[in-house]
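Okay, everyone, thanks for coming. Let me put the structure up, and then we can walk through it together.

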Amino acid sequence: MMNGTRSRAADLEDDLEMLSYTLEEVLRASGDPADQRYIEIRDRAAEALAQIRARLERTSDALYYQTKKAVYRTDDYVHQNPWRGIGVGASLGLVVGLLLARR
């Protein structure tokens with residue numbers, strides 16, 4: 001699950017970088033609505049933005065459902081093994097407490 005999340009995050013980062021470069025080109029263009037180069041760059045930026053928004057929506061939906069599934073699994077596990085859950089919680093609390101005490 002973590003590798004899939006990293007892959008999606010890397011894809012999203014690449015898309016945002018592509019969008020950034022395209023938008024920089026738009027800003028560097030003359031801005032003259034009659035300029036064909038400006039129109040092409042503007043259209044490419046609009047298309048890239050639409051694609052990134054769609055991918056971001058799909059990715060956020062997928063991450064939401066993965067997180068929800070993990071929460072339900074954890075809840076089921078703790079209900080089936082309450083003493084293990086208490087032990088894990090106490091251990092994590094001890095580690096966090098020790099780390100905070102070092103400061």
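Let's start with a question: which residues in helix 2 are buried? They are Tyr 38, Ile 41, Ala 45, Ala 48, Ile 52 and Thr 59. By buried I mean under 20% relative accessible area, with exposed being over 50% and partly exposed in between, using a 1.4 Å probe and protein chains only.

Some housekeeping. This is a predicted model, so local features need pLDDT of at least 70 and side-chain atom pairs count only at pLDDT 80 or more, while totals for chains, interfaces and linings use all residues. Residues are numbered from 1 along each chain as its sequence is written, and side-chain values use heavy atoms, with hydrogens and water left out.

On to the overall picture. The chain has three helices and zero strands, so the pattern along the sequence reads α-α-α, where helices are DSSP runs of H or I with at least four residues, strands are runs of E with at least two, and both are numbered from the N terminus. Helix 2 covers residues 36–80, which is 45 residues. From first C-alpha to last it reaches 66 Å, close to the 66 Å expected at 1.5 Å a residue; that expected span is 1.5 Å times one less than the number of residues.

How confident is the predictor? pLDDT is its confidence in each residue, from 0 to 100, and the chain averages 79, with 85% of the residues scoring at least 70.

Now, contacts, meaning heavy atoms within 4.5 Å. Of those with a separation of 6 or more, 54% are between residues 24 or more positions apart.

Here's a pair of positions to look at. Leu 23 sits in helix 1 and is partly exposed at 39% relative accessibility. Its C-alpha is 9.5 Å from that of Leu 49, 26 residues away along the chain.

Last stop, the rings: there is one aromatic pair. Tyr 64 and Tyr 65 have ring centres 5.2 Å apart and planes at 75 degrees, so the pair is edge-to-face. The rule covers rings of Phe, Tyr and Trp (its six-membered ring) with centres within 6.5 Å: planes under 30 degrees apart are stacked, over 60 edge-to-face, and the rest tilted. Tyr 64 is partly exposed at 48%, whereas Tyr 65 is exposed at 54%.

Technical notes:
pLDDT = per-residue confidence, 0-100.
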